[in-house]
Amino acid sequence: MLLARAFGARFTDESHRARLRIEIGRLRMMVRRLAGITATKRGFALAPRAAPEVVVLARPVEEEHAAVLAFLADGESWSSSALALALGASQRTVQRALDSLAAAGKVQSFGQARARRWITPPVPGFTTILLLPAPLPGY
């Protein structure tokens, strides 16, 4: 089930399992000082090492097309077909959501036809939307 959710695969094979192991290994390396990652029956659990609880840096977006915005928030460009696969929705549903978000100025597209990609507009004054603050004192 985890492989199906992570990669949108209907059938999983050893290559999917290997890819998941690689990605979890990369994540462990990136967060090893801050948190531990352990396997559970339902997936993986992230446990902070020094903090008593997990702190959310940004609230989830609560609006009509929040799931689409959440995928675009990573700063990478996405095709509508990749978004549809990741969301488990039809490509036409995702295209309607992207058109609505573009009309509201919340997303931008570049390219044409099959090469069209979607991104969120850059935040003024920041080089990337993934720029995080320095660690909190004591962590």
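# Reading the helices, core and loops of this model

Trainee: Which residues of α4 are buried?

Mentor: The buried residues of α4 are S80, L83 and A84. Buried means under 20% relative accessible area, exposed means over 50%, and partly exposed is in between (1.4 Å probe, protein chains only). Helices are DSSP runs of H or I with at least four residues, strands are runs of E with at least two, and both are numbered from the N terminus. This is a predicted model: local features need pLDDT of at least 70, side-chain atom pairs count only at pLDDT 80 or more, and totals for chains, interfaces and linings use all residues. Residues are numbered from 1 along each chain as its sequence is written, and side-chain values use heavy atoms, with hydrogens and water left out.

Trainee: Why do the buried residues of α4 line one face of the helix?

Mentor: Look down the helix axis. The arc is that of the directions from the axis to the C-beta atoms. In α4 the buried residues fall within an arc of 100°, so they line one face.

Trainee: What covers the buried residues of α4?

Mentor: Judge that by contact, meaning heavy atoms within 4.5 Å. The cover includes α3, α5 and β4. After α4 comes G88, with a positive phi near 70°.

Trainee: Let me step back. How many helices and strands does the protein chain have?

Mentor: Five helices and four strands. From the N terminus, the order is α-α-β-β-α-α-α-β-β. Of the 139 residues in the protein chain, 21% are buried. Now take contacts between residues at least 6 apart in sequence: 33% of them join residues at least 24 apart.

Trainee: Which residues make up the largest nonpolar core?

Mentor: Start with the general idea. In soluble globular proteins, nonpolar side chains tend to be buried together. A nonpolar core here is a set of buried Ala, Val, Leu, Ile, Met, Phe, Trp, Tyr and Cys residues joined through side-chain atoms within 4.5 Å. The largest one has 12 residues: V68, L69, L72, W78, L83, A84, V94, A97, L98, L101, V107 and W118.

Trainee: Which helix gives the most to this core?

Mentor: α5 does, with four residues. α3, α4 and α5 (91-103) each supply at least two. Take L98 from the core list. Leaving aside neighbours within four places in sequence, L98 contacts V68, L72, S80, L83, V107 and W118.

Trainee: How far apart are A66 and A97 in sequence and in space?

Mentor: They are 31 residues apart in sequence, and their C-alpha atoms are 9.7 Å apart in space. A66 is found in helix α3. A66 counts as buried because its relative accessibility is 15%. Then look at H65, in the loop between β2 and α3. H65 is also buried, at 17% relative accessible area.

Trainee: How many aromatic pairs does a search of the whole structure find?

Mentor: One. Rings of Phe, Tyr and Trp (its six-membered ring) pair if their centres lie within 6.5 Å; planes under 30 degrees apart are stacked, over 60 edge-to-face, the rest tilted. Here F71 and W78 pair edge-to-face, 5.3 Å centre to centre and with 70° between the planes. F71 is partly exposed because its relative accessible area is 28%. W78, at 18%, is buried.

Trainee: Where does S79 lie?

Mentor: In the loop between α3 (66-72) and α4 (80-87). S79 is buried, at 12% relative accessible area. Its side chain makes a polar contact of 3.2 Å with that of S81. A polar contact is a pair of N or O atoms within 3.5 Å; within protein, one must be able to donate a hydrogen and the other to accept it, and residues adjacent in sequence count only if both atoms are side-chain atoms. Not counting residues up to four places away in sequence, S79 touches R116 and R117.

Trainee: Is A113 buried or exposed?

Mentor: A113 is exposed because its relative accessible area is 70%. A113 is found in the loop between β3 (108-110) and β4 (117-119). Check its backbone too: A113 has a positive phi of about 55° although it is not a glycine.

Trainee: How many bridges join β1 to β2?

Mentor: Strands pair if DSSP finds at least two bridges between them. Six bridges join β1 (residues 35-40) to β2 (residues 43-48), and the strands run antiparallel. A hairpin of two residues links them. T40 stands opposite G43 in β2.
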